[in-house]
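Biologist: I am new to this model and would like to learn how to read it. Could we go through a few features together?

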Amino acid sequence: MSLDAYPLVSDWITTDGDRLLVHTGKVDIGQRISNALLRIVQEELTVPLSLVDIATVRTGTAPDEGITSGSNSIEQSGRAVASASATLRKHLLDAAMAQHGGDLAEWLLVDGYVQRAGTNLRLGLTDLARDLPSNLPVDPTLPRHVPESAPAPTMRGITEMVAGRFTFIHDLDLPGMWHARRVSPPHAKATFRDIDQTSLERIKAKGLHIIRDGSFLAVTGPREWDVVKASTSLGLACSWDMGGGLPETDVFAQFTPENAQRFPVISGTPQKAPVPDRLPTPDFSARFERPYQMHGALAPSAALAEWTDNRLFLKSHSQGIYPLREAIADSLGLTPEQVEITYVPGSGCYGHNGADDAAFEAALIAMAHPHTPILFKWSREDEHAWEPYAPAMAVQVDATLNNGQITALSAEAFSDTHRGRPRPGPNRAGPAKLLANRFRANALAPYVSPPNMGNHAGMHRNLDPIYDIAEIRLVKNLVQGLPHRTSAMRCLGAVTNILALESTMDEAAHSAGIDPISFRRAHLNDTRTIALLDALERRLSALPPLAEETGRGIAYAQYKNVMTRVGLAVDLTVTDTAEVELHRVTLVADAGRVIDPDGLTAQLEGGVMQAASWALCEEVTWDRDGITSRDWDSYPVIRFDNVPIIDTHLLGNTSDPSVGAGEASPGPTVAAIANAIRNCTGLRLQRMPFTADALRRAALEG
């Protein structure tokens, strides 16, 4: 896809002085894609890392690769950069032969030079590259050059981060810059009614400015702390029409076929066809549920904007600067060429948090104050109350067993949409997905997403089991009109679907009296998956025997059924107060050819910890007056005292293609924790999070 739109070597690799500059449309949100791209170029061209760098990701200069999501960065940008590097390698060698003769076998790329073997003749790689035609097309058919070894790049920026010297978007400081904060309504249905004029005049008397567009309010001024205090006092001075408040009905009770748009799912793809009947007499039947959960980035969303000379300049930590540019331009009556967005790192986030909304709100404020850079930040309460959430979700599973095998399986997924990013589309879809457009004077109605009919997309991601089962019935149920704005969070529907499927596999194995790894192996024909489970079994057998009070849970999944395979085991105990204590995670993964082993390990282990937090702690709460989980006490996340030992083992070889890995471990982690609790206590928990209260309720009900 990336090479179709950007077919030239110069779209991906250019020279900058004595360095090679790698261009990408994918942004680094902590997944180390920049490290992987540098390593690809380093290996292909045998060039020192000191001579390669990543170009700033900016609209108008970077390739438009859409959104950094779906674990697609290596498969899209990585493959494009690899093909561009291989093409550049060929033409560098051809240029050296054309200038100095000799055969191809005589010329080598060594340490940043093109060198003729057996002579002292060597040519600077960047000098040769600079002289190549700028319209050189990428040849994707060229073979890759894979050295036996290459020095691993250190994670870009990690030294500065550890030392506190890294510049995040929140740290930007430009000459003449002002600060800004929003004044948030109590909840999404509230609209601005009036403001106390005395408070308003008091704020203005301090040299601060108030921006109002309908129910969108913000404060801006030269000193940040003054702005923070003023936004708080302004919020207290406002009166709001509460619009009836937020609905307090049970969301899970609305997940029924009668409330849903229903589609059978075949081979991972929804179909516009009649839904087949449920299994008549299943041996196992259970419903698994996940509440609304948030991204919970450690720093709230932020952006810097400046409106000058009829152009809008934005710095944002959005994961999709090109779609965001389209949505902002449309919202403001500008052309896309009038809007330039540069990616600047913020707090890491896998999915659609408030970054896009913050960029648009910064733009609204900047356009009211031309020629003044505006650094705009959400507060912690803003982030928790207003970011798009991962939708609540339920999966109903029924299974029929015969002679130790699952012979029939039915799975129905229920949720609201998982796609709320401001991509362009019909009926001004991009602007309608930006939060502030709901509150401006010319307000846009919230966007109602049509069903996502893509393969392994949205709620039906990983609904199709990876196992060989003779009869499979899968149904996607889109339920809309629910209380909260939702969008993409890491793995989309895969977490709940894998929880449901792997819990079912665990119960079936228990019913058949077969150990969980052997039971899964009996439902598989894929040799790489079987090899992975064999490797997991060997690593577990080498561990000391489990203590009597410790439970172990097994789970396996292959993300989107085509990406990274992950098998893992979680060892845990449940205390006398029903708290779950994690001890060890043993993880085996096959991501094909591994570009950056340290980066892959970090991705997998980070996914384990995020999933453990989802499984044990996280849930958005609200009442009619608004979101109540607005800080780290009311929305707890996993703490350092419950971080387990994680033993990660990577499989794969250089002949296998690299596949996406960033979202491969969370699903099986949640499922393995549920299975470990079952192994430890005999309780099958079916609704996340698995808190002490949930365990106590299950014990009383069981």
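Biologist: Is the crossing of H15 and H16 left-handed or right-handed?

Modeller: First, a word on the source: this is a predicted model, where local features need pLDDT of at least 70, side-chain atom pairs count only at pLDDT 80 or more, and totals for chains, interfaces and linings use all residues. Residues are numbered from 1 along each chain as its sequence is written, and side-chain values use heavy atoms, with hydrogens and water left out. A crossing is right-handed if the near helix is turned clockwise from the far one by less than a right angle, and left-handed if anticlockwise. The crossing of H15 and H16 is right-handed.

Biologist: At roughly what angle do the axes of H15 and H16 cross?

Modeller: Two packed helices are described by the angle between their axes and the distance between the axes. Here the axes of H15 (residues 597-616) and H16 (residues 666-681) cross at roughly 45 degrees and come within 8 Å. Axes are lines fitted to C-alpha atoms over the stretch in contact, with angles from 0 to 180 degrees between N-to-C directions; helices are DSSP runs (H or I, at least four residues) and strands are runs of E (at least two), numbered from the N terminus.

Biologist: Is Glu65 buried or exposed?

Modeller: Buried means under 20% relative accessible area, exposed over 50%, partly exposed in between (1.4 Å probe, protein chains only). Glu65 has 3% relative accessibility, so Glu65 counts as buried. Glu65 lies in the loop between strand E3 (52-54) and helix H3 (73-100).

Biologist: What is Glu65 in contact with, beyond its neighbours within four places in sequence?

Modeller: Contact means heavy atoms within 4.5 Å. The partners of Glu65 include Trp12, Thr24 and Lys26. Glu65 and Ser511, by comparison, are 48 Å apart in space, C-alpha to C-alpha.
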